[in-house]
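Biologist: Could you walk me through this model? I'd like the plain version.

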Amino acid sequence: MKVKLRHVGKYAAALLVAFSVLAPMGWLFLMSVSAASDLTRVPLEWLPRQWDFTRYGKLLSLEPGQPGVLFLHALGNSLLVATGATIICLLLAIPAAFSFSRYRGRDGWLFASLAIYMVPPVAFVLPLYFLLQQFDLLNTRPGLIIVYCSLILPFLTWMLKNQFDTLPQDIEQAARLDGLRVWQVLLRITLPLAKPVLGAAALFGWLLAWDEFFYALLFISNIAAQTLPVTIAGFTAGRATDDGLIAAVGILASVPPLFIAIWLQKTLVSGLASGGSKG
């Protein structure tokens with residue numbers, strides 16, 4: 001009896017979590033396909049009387065005067081910035097994490113980078129602004145990529161270092177005895193063993209850059225380089241008077257992370273599982 005009650009409790013908790021996550025997205029979708037009259041009706045009805053999908057067509061259209069011109073351009077900027085920052089950080093975090101894991105006595109540098117990571121972002125606004133201004137990178141996507149690297153790199157380094165610590169080093173030592181260099185051991189032995197966590201690290205790093213709003217708002221004033229979170233804030237601040245259009249923007253903005261999560265689902269689950277075990 002206790003076992004059955006325990007299983008019932010687990011399923012009930014899982015359903016509660018799923019409902020708390022899916023209910024807001026479901027309501028956002030219903031808003032996006034509801035006519036303006038349905039959204040202003042009192043009392044409010046859960047299901048729209050008239051289903052309207054024209055807002056998605058406007059957002060996916062490049063016709064001049066349509067909101068899709070601004071939305072699709074910001075979507076492309078976010079994809080470029082998030083992907084670029086993630087790739088650069090992975091290329092830097094992998095050798096850094098391997099060094100911290102295999103060569104003892106360097107943990108101070110890692111803890112120092114994590115300590116800087118814990119500082120509120122507002123503390124770095126002026127130094128980063130002056131640096132970007134000095135190198136003429138304000139209002140540019142490369143400048144924003146560099147800023148995002150400062151956010152993502154310490155996190156990915158720590159995540160990968162913990163995974164490298166769990167890998168058996170006997171295979172690496174045997175490879176070194178066979179004549180492989182350190183970088184060859186990393187590429188041929190360590191990385192294939194750590195492949196699951198690489199996908200999880202890439203996803204989390206990409207999401208950090210994709211959702212970032214504060215730095216993008218401060219360092220990008222040019223619409224040509226504006227990212228999606230700032231554009232969505234602009235819609236909600238008065239560029240769009242249709243609440244259903246704003247809801248459609250939110251739905252479309254969640255599509256790229258959803259597809260990436262589905263694509264990396266197996267890697268993500270195995271990476272989180274392996275990262276949670278030691279030895």
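This is a predicted model: local features need pLDDT of at least 70, side-chain atom pairs count only at pLDDT 80 or more; totals for chains, interfaces and linings use all residues.

Biologist: How do H4 and H9 cross?

Modeller: Helix H4 (residues 67–102) and helix H9 (residues 182–193) have axes that come within 12 Å and cross at roughly 100°. That makes H4 roughly perpendicular to H9. Axes here are lines fitted to C-alpha atoms, for helices over the stretch in contact, and angles run from 0 to 180 degrees between N-to-C directions. Under 35 degrees counts as roughly parallel, over 145 as roughly antiparallel, 65 to 115 as roughly perpendicular, and the rest as oblique.

Biologist: Which residues meet there?

Modeller: From H4 you have Ile94, Pro95 and Phe98, and they meet Val182, Leu186, Thr190 and Leu191 in H9. Contact means heavy atoms within 4.5 Å. By class, the contact of H4 with H9 has six nonpolar residues, one polar and no charged. Nonpolar covers Ala, Val, Leu, Ile, Met, Phe, Trp, Tyr, Cys and Pro; charged covers Asp, Glu, Lys and Arg; the others, Gly among them, are polar.

Biologist: And how far does H9 reach from end to end?

Modeller: H9 has twelve residues and spans 16 Å from its first C-alpha to its last, close to the 16 Å expected at 1.5 Å a residue. The expected span is 1.5 Å times one less than the number of residues.

Biologist: Let's zoom out. How many helices and strands does the chain have?

Modeller: The chain has 15 helices and zero strands. Its C-alpha atoms fill a box of roughly 75 × 70 × 30 Å along the principal axes. Of the 279 residues, 39% count as buried.

Biologist: Which residues does UniProt mark as "transmembrane region"?

Modeller: The unreviewed UniProt entry puts that annotation on residues 70–98, 110–132, 144–164, 185–207, 213–237 and 244–264. UniProt positions are given in the numbering used here, feature names are shortened, and annotations may be inferred rather than shown by experiment. In the model, residues 70–98 are 100% helix and 0% strand, with end C-alpha atoms 42 Å apart. For residues 185–207 the span is 96% helix and 0% strand, and the end C-alpha atoms lie 30 Å apart.

Biologist: New topic: where do H13 and H14 touch?

Modeller: The axes of helix H13 (residues 243–253) and helix H14 (residues 255–263) come within 4 Å and cross at roughly 25°. That makes H13 roughly parallel to H14. Ile251, Leu252 and Ala253 of H13 make the contact with Val255, Pro256 and Pro257 of H14. The residues of this contact are six nonpolar, no polar and no charged.

Biologist: Is alanine 248 buried or exposed?

Modeller: Alanine 248, which sits in helix H13, is buried, because its relative accessibility is 0%. Leaving aside neighbours within four places in sequence, alanine 248 is in contact with Ser32, Arg55, Tyr56 and Leu59.

Biologist: What about phi at aspartate 136?

Modeller: Aspartate 136 has a positive phi of about 60° although it isn't a glycine. Most residues other than glycine have a negative phi. Aspartate 136 lies in the loop between helix H6 (125–134) and H7, and counts as exposed because its relative accessibility is 64%.

Biologist: And asparagine 139?

Modeller: Asparagine 139 also has a positive phi, near 60°, and its place is in the loop between H6 and H7. Asparagine 139 is partly exposed, with a relative accessible area of 29%.

Definitions and conventions:
Residues are numbered from 1 along each chain as its sequence is written. Side-chain values use heavy atoms; hydrogens and water are left out. Helices (H or I, at least four residues) and strands (E, at least two) are DSSP runs, numbered from the N terminus. Buried means under 20% relative accessible area, exposed over 50%, partly exposed in between (1.4 Å probe, protein chains only).
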